[in-house]
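Student: I'm new to this one, so please walk me through it. I'll just ask things as they come up.

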Amino acid sequence: MFTSALVMLLVEDGKLSLSDTLTKFFPAAPAAWRSITVRHLLTHTSGIPDYTNDSFNYRADYTEEQLAAFAFDMKPEFPAGSRWNYSNTGYVLLGIIAGKVGGRFYGDQLRDRIFAPLGMSTTRIITEEDIVPNRAAGYRLDGGTLKNQEWVAPKLNTTADGSLYFSLRDLLAWEAGVRARKILRPESWQQVLTPVRLVSGKTYPYGFGWSVDARGGQPLHSHGGAWQGFKTQLSRFIGTDLTIIVLANLGEADPSRFSDGIAALLDPALAGRPTPTAPVEDREPAVASQLLNVLNKLRQGQLTPADFAYVRAGFFPGAAKYYGDQLVPLGAVKRASLFERTEIGDDRIYLYQVVFDNGTRFVRLGLAPDGKVSSFSIRPAP
């Protein structure tokens with residue numbers, strides 16, 4: 001949210017254009033980047049994969065030039081503008097671009113142009129050197145044992161895909177600024193909070209650094225965060241003038257459950273669409289077969305990125321192992337029934353009730369137009 005606001009300030013200054021291609025700022029970038037624009041980075045439609053994968057060394061103090069070179073070597077997952085996939089890499093690049101055109105470190109620009117004007121007195125880039133009053137610690141669970149966050153190199157705590165300290169008071173000040181449309185011009189806010197339109201003509205519920213969706217027939221503008229034992233969620237339910245902010249310092253926390261649950265308690269209309277209670281006609285048996293294949297591969301630890309059209313950040317190896325470990329004690333699949341079929345962007349999203357020997361789960365499977373998996377999740381059946 002904050003990186004995108006800074007980028008739009010630089011656009012308003014005339015130092016940057018949303019249609020600028022990345023090779024303008026990174027002359028050594030591969031030829032494939034000639035079609036990728038600043039707008040694509042803001043909306044996560046660039047096709048540049050997420051750097052947070054197995055090959056990335058979190059203990060190396062990369063320079064901005066080294067991070068950019070790391071991104072140069074990553075093969076695009078899809079043509080720019082044709083798909084949506086969250087890319088921390090894209091926002092790292094936006095921070096570097098902001099530094100180039102703004103003439104100084106992007107974090108200093110955030111401080112002077114966003115945080116200070118809004119009265120966000122404690123928000124700042126993460127630092128290990130400075131004494132930060134009332135600094136919270138991030139934690140994680142390791143085999144049920146509470147442990148400190150894992151250490152990462154200091155410079156990785158300064159990139160524009162996150163790496164910010166907040167207090168609740170500061171996020172309330174940010175929310176008030178967004179509500180009053182401060183900092184940016186009205187036309188800039190309009191662009192920030194408009195769903196991106198894909199090459200196909202369909203829209204995806206994401207703007208510039210904001211999820212732009214709906215809940216109970218009313219607009220919902222939100223974003224979450226996760227880094228080093230911290231989890232966050234900021235949800236603005238526009239129609240009811242309700243904002244819920246959740247800050248947690250446990251890596252396994254799920255702040256969105258709190259924000260969604262609190263919203264539903266305050267206004268039942270915000271509870272969202274209820275989970276279907278009965279199966280629907282399944283006209284695509286091949287998809288059910290594909291689901292079973294994915295489940296078997298997960299259980300056996302054989303699911304790989306090659307099974308996916310593109311891989312969501314953090315799915316391999318963490319989420320894949322987590323889901324695989326869940327499946328083993330459930331035993332064999334007895335039956336899978338389709339409960340819902342929806343679309344998001346160009347993807348088809350299927351919700352199955354899967355009955356195992358030792359339990360029942362709801363499994364959500366997303367498929368890209370090429371038939372490969374685009375998203376996957378498992379949750380307990382109610």
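Student: What relative accessible area does Asp142 have?

Tutor: Asp142 has 35%, so it counts as partly exposed. Buried means under 20% relative accessible area and exposed means over 50%, with partly exposed in between (1.4 Å probe, protein chains only). One thing before we go on: this is a predicted model, where local features need pLDDT of at least 70 and side-chain atom pairs count only at pLDDT 80 or more, while totals for chains, interfaces and linings use all residues. Residues are numbered from 1 along each chain as its sequence is written, and side-chain values use heavy atoms, leaving out hydrogens and water.

Student: Okay. Which residue forms a salt bridge with Asp142?

Tutor: Arg140 does, and the closest N and O atoms of the pair are 4.0 Å apart. A salt bridge here is a side-chain nitrogen of Lys or Arg within 4 Å of a carboxyl oxygen of Asp or Glu. Arg140 is partly exposed too, with a relative accessible area of 24%.

Student: Why would side chains pair like that?

Tutor: Side chains of opposite charge can pair when their charged atoms come close.

Student: How many salt bridges are there in the whole structure?

Tutor: A search turns up 22. One of them joins the side chains of Arg179 and Glu175, at 3.0 Å from N to O. These two sit 4 residues apart in helix α6, so about one helical turn separates them. Helices (H or I, at least four residues) and strands (E, at least two) are DSSP runs, numbered from the N terminus.

Student: New topic. What does the largest nonpolar core look like?

Tutor: It has 60 residues, and those with the most contacts inside it are Phe2, Phe26, Trp33, Ile114, Trp174 and Trp210. Helices α1 (2–12), α2, α3, α4 (88–102), α5 (106–118), α6 (168–179) and α7 (186–192) each supply at least two of its residues. Helix α4 gives the most, with 8 residues. Another core, of 26 residues, lies apart from it, and includes Leu295, Ala320, Leu330 and Val354. By nonpolar core I mean a set of buried Ala, Val, Leu, Ile, Met, Phe, Trp, Tyr and Cys residues joined through side-chain atoms within 4.5 Å.

Student: Which residues does Phe2 touch?

Tutor: Not counting residues up to four places away in sequence, Phe2 touches Leu110, Ile114, Phe115, Met120, Leu164, Phe166, Leu171 and Trp174. Contact means heavy atoms within 4.5 Å.

Student: What about Ser46, where is that found?

Tutor: Look in the loop between α2 (38–43) and α3 (64–72). At 2% relative accessibility, Ser46 counts as buried. Beyond its neighbours within four places in sequence, Ser46 is in contact with Ile36, His40, Leu41, Phe78 and Ala80.

Student: Now the backbone. Which peptide bond is cis?

Tutor: The one from Phe316 to Pro317 is, with omega near -5 degrees. Pro317 has its place in helix α10 (residues 315–327).

Student: And which residue other than glycine has a positive phi?

Tutor: Arg181 is one, with phi near 55 degrees. Its place is in the loop between α6 and α7, and Arg181 is partly exposed, at 34%. Asp241 isn't a glycine either, and has a positive phi of about 55 degrees. Asp241 is found in the loop between β9 (230–237) and β10, and at 53% relative accessibility it counts as exposed.

Student: Last one: where does Leu247 lie?

Tutor: In strand β10 (residues 242–248). At 39% relative accessibility, Leu247 counts as partly exposed.
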